[in-house]
Amino acid sequence: MARLTLPSDEKTIRDLKVGDFVELSGRMITGRDAAHHWLLHGFREEVAPFMKDSVIYHVGPVVKKHEDGHYTFVAAGPTTSAREEPFQADVIGTYGLRGVIGKGGMGPKTLKGLAEHGAVYFHAVGGTAQVLAQAVVKVEQVFQLKEFGVPEALWVIQVKDFPVVVTMDSHGGSLHAEVEKASKAKLEQLLGLSA
Amino acid sequence: MLTREQWTEKFVDVIAHASSQLPPDVLAALERGRDAEAPGSLAAKALDSILTNVAMAKGGWQPICQDTGTPLVWIHHPVGTSTRMLTAAFEEAVRQATGKQLLRPNAVDPLTDKNTGHGQAPGIPSVHCEEWDEPGLEVRMILKGGGCENVGAQYSLPNTKLKADRDLDGVRRCILDAVAQAQGKGCAPGIIGACFGGDRGSGFLESKRQLLRRLDDTNPVPELAAMEKELYEQANQLGIGPMGFGGKTTVLGVKVGYLGRLPASYFVSVSYMCWANRRATAKFSPSGEVTWLD
């Protein structure tokens, strides 16, 4: 299992290949549907430093606010990334992201963006909200909490040994495309649809 | 009979169970899946991580998944109990459970696009009350996440592309297609609830009610029992695997029910449930004493 510290750099990220297990440590930001819209409606200077050379995590966490005002993540597994397909490549390019963490994989536009900008797609195991919340060691700050609500806000977090698998790399490789092609061929065979 | 406030308290317990305690039959199916995958494969590692997560959630009474989903509940109640009272009690239970972080604030007003903040909105939770002749109450619920809800599908037969006619073979073709279209996006290995017949609304609801069934039960209709078995085997030949990483474990179970249909309509409604089939079943005596059935 490779270890990778965030923020990272282009060379390190381009060395990663589909199928690599990686444990991430360092600072990252969360963001999903509302965040991706917001990030592309003007350049958001306040969050840009937290994104440069780091990754955005597609997650809508359960968060506990403590009496002294600090937050902890109670449950924090990945959400479906496909919804960000129209925006992701542009968000990567605009903010200099080195990667995305999510589940379910993304499409051709993102895959092209990963190659162009030197970034990868990290797949976290969907539904493992406790395992992943435990890897979030600190919640540093939050943006757009009042406007977007808890799941959609942009949380700046510190993680330690956060487990992921590279399923789309910066060389055009996509495990999702491979599995989809093979499984749909099998479906056609099982249904007697192949010519 | 209990008061509304007392029922709310009981329902919060049921929600806590559903959110954090995965039913034993689902756990056993996940373990079987892990043992079937090649050691060291992406599929085996994903299932290992899932099993660790299930144990952590159980021990700490924490949400298995952060997407605590739509609470769908079916309540059997004795003659004379107010269904308005039970619905209100369950809605309040959802608000309280959200306040305790057993649920995520998971309800958005689509008009303003604002999260209501307390987990409740029109249609959320989805409460279905049915009278029965027993003196106590039975509560059966699932928490159904959004990722898996998004990959559900409905077919209107005949469907030329799938060579699906208006018969059981056509139903089978649609369900297998739905699994293939979902890929890993619904958090495979999934549990498939399906219904043929009904209208577009009732068909989907029945497909979700099928998810209340234990994975190791047998459909009382022999033709459907055979179809469930065949679909389970075929879906697991698709090679989608846990999370869509590839592998042998694509579904943990397939459950098929049916409703009457109009002569003109033949719908097949397929609901995909993620591996975290957060099901809870509790029976309450008239004095409120609980028996957990899941």
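Does B:Asp67 count as buried or exposed, and at what relative accessibility? In this predicted model, B:Asp67 counts as buried because its relative accessibility is 14%, under the 20% cut-off.

**B:Asp67**
- B:Asp67 sits in a loop of chain B, between helix 3 (42-60) and strand 1 (70-78).
- Its side chain makes a polar contact of 3.0 Å with the side chain of B:Asn106.
- The side chain of B:Asp67 also reaches a backbone atom, the nitrogen of B:Gly146, at 2.6 Å.
- Leaving aside residues up to four places away in sequence, B:Asp67 touches B:Arg104, B:Asn106, B:Gly145, B:Gly146, B:Gly147 and B:Arg278.

**Helix 4 of chain B: length and ends**
- Helix 4 covers residues 83-99 of chain B, 17 residues in total.
- At 1.5 Å a residue these should span 24 Å, and the end C-alpha atoms are 24 Å apart, so the two values agree.
- At the start of the helix, a side-chain oxygen of B:Ser82 comes to within 3.3 Å of the backbone nitrogen of B:Arg84.
- Just after the helix, B:Gln101 has a positive phi of about 60 degrees.

**Helix 4 of chain B: buried residues**
- The buried residues of this helix are B:Leu86, B:Ala89, B:Phe90, B:Ala93, B:Val94, B:Ala97 and B:Thr98.
- Among the elements of chain B that cover them are helix 1 (4-20), strand 1, strand 4 (126-132) and strand 5 (137-144).

Key. Residues are numbered from 1 along each chain as its sequence is written. Chains are lettered from A and ligands numbered from 1 in the order in which they are written. This is a predicted model: local features need pLDDT of at least 70, side-chain atom pairs count only at pLDDT 80 or more; totals for chains, interfaces and linings use all residues. Side-chain values use heavy atoms; hydrogens and water are left out. Helices (H or I, at least four residues) and strands (E, at least two) are DSSP runs, numbered from the N terminus. Buried means under 20% relative accessible area, exposed over 50%, partly exposed in between (1.4 Å probe, protein chains only). A polar contact is a pair of N or O atoms within 3.5 Å; within protein, one must be able to donate a hydrogen and the other to accept it, and residues adjacent in sequence count only if both atoms are side-chain atoms. Contact means heavy atoms within 4.5 Å. The expected span of a helix is 1.5 Å times one less than its number of residues.
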